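Morning, everyone. I have one model to walk through today. Please have the structure up on your screens.

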Amino acid sequence: MYSLLSALFPAKTLPLDPRRIVLARHCCIGDVVMATAALSALREHFPKAHITWAIGPWSAPAIARHPALDALLILDDDMPLRSPAAFLRLLRRLRAGDFDLAVSLVRSPLMSLAICLSGIPARAGLDSGGRGFGYNLRVPVDQAARQRESEIYTRVVSAIAGRDFQIPVNLPVLPEARESLSRRLSSENVRPPFIVAHPGGGANPGARVASKRYPPAQLAPLLNRVAGEAGASVILIGGPGDEAHVDAVAGGLTVETHRWAGALNFQEIGALAALALLYIGNDSGLTHLAAASGAKTVMLMGPTDPLRYAPHTEDSLALWKPTELPAGEGWSWERDGFSAEAGAARILEFLGG
């Protein structure tokens with residue numbers, strides 16, 4: 001079917017000087033953060049264009065203040081597209097934007113169709129298995145290839161520009177976030193060095209994969225050893241739903257510990273991570289956010305592939321035990337993952353001793 005649709009909508013060369021650009025990547029926080037490399041490439045190549053990011057309300061706060069961005073188009077809570085009503089709402093909003101270039105980092109055939117029917121004359125996007133039939137410029141995606149998602153996204157901009165971009169993911173720390181974070185550290189008498197750890201993750205509007213979370217019974221001794229040898233305290237963070245995960249880890253810690261679950265916004269988390277000796281987290285949006293904010297970052301990886309989903313930054317470590325990757329909840333940390341002792345040793349080596 002996709003081959004037939006691709007034949008009905010032949011690919012074309014894109015115009016070279018768009019005035020208004022819409023970038024589509026609605027979910028989820030980690031994917032949105034990884035797409036900041038493509039956003040920065042767009043801004044570099046089109047410095048005078050007005051760039052709008054079409055994004056879901058769940059992920060929008062993470063990148064709302066990015067300096068390469070001019071505006072946000074907040075999509076409805078029912079994204080990804082699950083109903084005819086949601087499809088028509090998206091179509092109307094794209095048509096109202098007066099865009100002359102759409103850049104889609106979404107593999108959905110419904111997003112491809114919506115952008116095609118929106119009247120936007122120039123359309124570039126990912127083409128996974130023929131699903132990008134609605135784009136003028138289709139960038140093929142080999143689902144079997146093990147390549148960073150951020151690099152796949154940036155390839156769309158490279159295809160538009162006719163040149164390669166070597167831009168890492170990035171979320172510059174806002175001065176006001178740094179100031180509010182410094183006040184909080186001072187008021188709670190937290191002094192460096194400290195390690196920031198996020199025990200939660202694995203849940204977003206698109207999917208729930210609880211097996212992404214390193215078990216609290218293993219994370220606590222890992223943090224005890226790393227923080228103990230580094231002479232650091234531990235700040236446990238998380239979203240409003242992460243209190244139970246934070247409490248489970250805190251109960252096993254013997255080092256100085258602070259519990260800040262639900263206390264910080266995304267910008268403050270980025271500022272905190274950038275000030276920390278180290279950020280440790282699961283394969284989650286917050287870990288990608290921390291890495292993009294300039295933190296020295298360790299991602300604890302289980303059932304997801306580090307060659308695809310590890311942070312794309314210079315100062316990050318994807319901690320993973322090489323193994324056959326099972327599907328979904330078939331993963332077992334006890335059978336397939338790394339131990340607390342092995343993880344702590346790798347992290348201390350990453351820290352430099």
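Let's start with a length check on helix α9, residues 216–230. This helix has 15 residues, and at 1.5 Å a residue it should span 21 Å. The C-alpha atoms at its ends are 20 Å apart, which agrees. Keep in mind that this is a predicted model.

Now, which residues of α9 are buried? They are Gln218, Leu219, Ala220, Leu222, Leu223, Asn224, Val226 and Ala227. Then look just past the end of the helix.

Next, the partner helix. α9 packs with α15 at an angle of about 30 degrees, and their axes are 9 Å apart. The crossing is right-handed. From α9, the contact uses Gln218, Pro221, Leu222, Arg225, Val226 and Glu229. From α15, the contributors include Ala340, Gly343, Ala344, Ile347 and Leu351. Gln218, Leu222 and Val226 are also on the buried list.

α15 takes us to the sheet. This helix, residues 340–351, lies across β12, β13 and β14. Against β14, α15 runs at about 165 degrees.

So what is the strand order in that sheet? Reading across, we get β11-β10-β7-β12-β13-β14. That makes six strands in an open sheet, with parallel pairing. β11, residues 257–261, and β14, residues 316–319, stand at the edges. Each has a single partner strand, so one side of each is left without a neighbour in the sheet. On average, neighbouring strands are turned by 20 degrees against each other, direction ignored.

Strand β13, residues 297–300, runs parallel to β14, and four bridges join the two. For one of the pairings, take methionine 299: its bridge partner in β14 is alanine 318.

Last topic: cysteines. How many disulfides does a search of the whole structure find? One. It joins cysteine 27 to cysteine 28, with an S to S distance of 2.0 Å. The torsion about that S-S bond is about 70 degrees, so the disulfide is right-handed. Is cysteine 27 buried or exposed? Buried, and so is cysteine 28.

One further cysteine to mention is cysteine 116. Its relative accessible area is 12%. The cut-off for buried is under 20%, so cysteine 116 counts as buried.

That's the tour. I'll take questions now.

Key: Residues are numbered from 1 along each chain as its sequence is written. This is a predicted model: local features need pLDDT of at least 70, side-chain atom pairs count only at pLDDT 80 or more; totals for chains, interfaces and linings use all residues. Side-chain values use heavy atoms; hydrogens and water are left out. Two strands pair if DSSP finds at least two bridges between them. Axes are lines fitted to C-alpha atoms, for helices over the stretch in contact, and angles run from 0 to 180 degrees between N-to-C directions. Contact means heavy atoms within 4.5 Å. The expected span of a helix is 1.5 Å times one less than its number of residues. Buried means under 20% relative accessible area, exposed over 50%, partly exposed in between (1.4 Å probe, protein chains only). A disulfide is a pair of cysteine sulfur atoms within 2.5 Å. A crossing is left-handed if the near helix is turned anticlockwise from the far one by less than a right angle, and right-handed if clockwise.
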